[in-house]
Amino acid sequence: MRDSAGKRFARNYFYRRIIPSWLSTEQIRTNHVIGLLGKSPSELYLMDEAGFTRGHVNSLESDQSITEWQKTQGWGVKIHHGFLYDELPKIIKPEKTFCLFNLDVMGSYLSQTHSVMGEVLCSCLKNSGTVVATYSSVGRDTEMIWEGIRALAIFVLISPEDILPVFYSLSRRYERAGYTEPFHLALRDIFWLYSIMENGFVISATAEQSSPYGFQHWNAAVTKLWDFISIKCQAPLRLEDLLGFVEEFRSANLKLVQNLANHWVQQLLDISSLQRLVYKNETSLSQLCHFARFTVRQTPISAKWWLEKSCALMLSAPFSYITEEGAEHKIDETVTIIPKDRNIILWDDAGLYLRFRHKEVTQNKEMQMAIKTTRYIHENELTQEGIGKIKLLAKQHRDYTVKEILALLPKSLSENEKIRKSAAAHIAVARRKNN
Ligand SMILES: C[S@@+](CC[C@H](N)C(=O)[O-])C[C@H]1O[C@@H](n2cnc3c(N)ncnc32)[C@H](O)[C@@H]1O
């Protein structure tokens with residue numbers, strides 16, 4: 001089957017417009033990339049044109065015959081066979097630096113991509129400025145719409161003043177693009193944002209920037225919210241009903257809501273750039289793409305603050321609709337249309353979806369150490385965070401030698417002569433009288 005005109009537009013736009021403006025030539029040349037190249041070299045040629053190094057390209061493919069065909073092409077890239085959710089974690093080796101994940105799947109973001117976003121964002125935490133493209137086929141993805149409804153309820157609990165303008169405004173843009181179920185499209189975006197937020201909390205906890213118990217409290221609280229809503233919920237579920245349930249929950253759980261928004265979880269990754277695009281794929285299904293760039297924060301922020309920043313970005317992010325002929329329509333609606341009544345039907349089917357999956361904080365030691373290394377050493381020098389950690393350990397363990405202190409930190413610190421000397425000096429300073 002030939003590529004659709006929309007697909008060709010999206011691919012060219014991503015590699016010729018977005019990549020050169022979001023990644024440096026140095027990153028492109030030296031870092032690793034992951035793509036689902038499929039059964040033609042089109043994407044690979046665009047990678048060449050952008051300056052990526054073939055030996056750093058990883059192609060992942062679930063179809064056995066396409067994988068075999070790829071192996072006969074002499075592309076000079078690493079070819080991996082398997083599904084994203086199985087194979088991607090094996091490809092992301094802690095010692096490798098990736099700057100691009102182009103996860104060009106067919107199927108819903110929820111079923112295909114959400115489960116690996118923890119690993120992807122973990123890699124982003126090690127390489128600030130990493131670009132991640134994710135795709136979702138708009139079709140029979142009921143589960144993703146329900147997850148979007150739940151995510152909307154959680155966001156409304158944290159910050160209604162930030163999320164509702166995003167929900168209305170995105171819906172309005174889809175309406176202008178000709179979609180007859182614009183709210184459902186916007187709910188897919190809302191779930192995408194929730195997935196980034198949730199996975200971001202998990203890896204921030206993995207990097208020990210927030211407590212794993214905080215994330216357990218978060219899970220318990222959002223479960224409690226949805227249990228509360230699901231008891232009251234009847235078909236059709238209208239926006240005004242959902243908002244009413246959330247407000248009832250808030251009034252009965254003021255302290256919990258405050259902890260959820262401000263204290264329990266911390267976020268280290270910002271979505272620093274975002275573009276959204278919709279095109280028709282070869283089977284005439286719409287593909288919703290999120291092209292995002294993630295940067296690492298020096299100090300973590302709360303759920304409420306992160307949501308506020310991310311919502312501002314969602315509102316200002318460029319959005320284009322690509323026609324079946326491949327023509328681009330930029331939909332730059334900036335005015336947020338707030339409907340007078342909140343009678344919008346979010347879901348009109350009788351069944352209520354209850355199979356939500358939670359993320360867990362994994363204690364992946366290898367990953368933790370890799371993250372810490374990048375946070376403690378930068379360009380062969382200790383970072384402020386690294387110095388702070390060493391000084392803290394020096395005071396906590398006053399009888400430990402320099403070697404013993406360094407043994408508590410990632411191995412790469414003690415393997416580096418310059419870092420070892422610098423650490424010894426900081427330990428001595430920290431242990432001086434009055435320090
Ligand atoms: C949309 S095509 C890729 C097109 C290519 N990126 C381009 O721009 O020309 C997706 C390819 O990935 C494979 N694929 C789809 N879903 C996958 C998944 N979840 N894991 C691994 N491979 C997948 C498909 O068999 C197909 O060959």
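**Group meeting: a walk through the predicted model**

Let me begin with Q216, whose place is in helix α11, residues 212-232. Helices here are DSSP runs of H or I of at least four residues, strands are runs of E of at least two, and both are numbered from the N terminus. This is a predicted model, in which local features need pLDDT of at least 70 and side-chain atom pairs count only at pLDDT 80 or more, while totals for chains, interfaces and linings use all residues. Residues are numbered from 1 along each chain as its sequence is written.

The peptide bond from A235 to P236 is cis, with omega near -10°.

I turn to the overall layout. The domain assignment of the protein chain gives domain 1, made of 5-212 + 265-340, and domain 2, covering 379-431; such bounds come from an automatic or database domain assignment. The centres of the two domains, taken over C-alpha atoms, are separated by 38 Å.

Next, the ligand. How many residues surround the ligand? There are 20, and the closest are L36, G38, S62, D104 and V105; a residue is near a molecule if its C-beta atom, placed from the backbone, lies within 6 Å of it. Helix α3 (42-50) and strand β2 (57-61) each supply at least two residues of this shell.

The loop between β1 (32-35) and α3 holds S40. S40 is exposed, because 12 other C-beta atoms lie within 10 Å. Its C-alpha atom is separated by 9.8 Å from that of W69, 29 residues apart along the chain.

The expected span is 1.5 Å times one less than the number of residues. Of the 17 residues of α8, 15 are buried, so the helix is largely enclosed by the rest of the structure.

In helix α10, residues 182-206, we find G200. G200 counts as buried because it has 28 C-beta neighbours inside 10 Å. It touches L121, Q267 and L269, leaving aside residues up to four places away in sequence; contact here requires C-beta atoms, placed from the backbone, within 7 Å.

Helix α19, residues 417-431, has 15 residues and reaches 21 Å from its first C-alpha to its last, close to the 21 Å expected at 1.5 Å a residue. Which residues of α19 are buried? They are I419, A423, H426 and I427. These four cover an arc of only 105° around the axis, which puts them on the same side of α19; the arc is that of the directions from the helix axis to the C-beta atoms. The face turned away from this buried side carries the exposed residues E417, K418, K421 and A428. On the buried side, the packing partners of α19 are β12 (377-378), β13 (381-382), α16 (384-396), α17 (402-407) and α18 (411-415).

For α16, the buried residues are G386, K389, I390 and A394. They cover an arc of only 135° around the axis, which puts them on the same side of α16. Exposed residues Q384, L392, K395 and Q396 sit on the face of α16 turned away from its buried side.

Finally, strand β12 includes H378. H378 counts as exposed, because it has 12 C-beta neighbours inside 10 Å. From H378 to E147 the distance is 39 Å, C-alpha to C-alpha, with the two 231 residues apart in sequence.

Note on methods: Buried ≥ 20, exposed ≤ 12 C-beta atoms within 10 Å, placed from the backbone. Contact = placed C-beta atoms within 7 Å.
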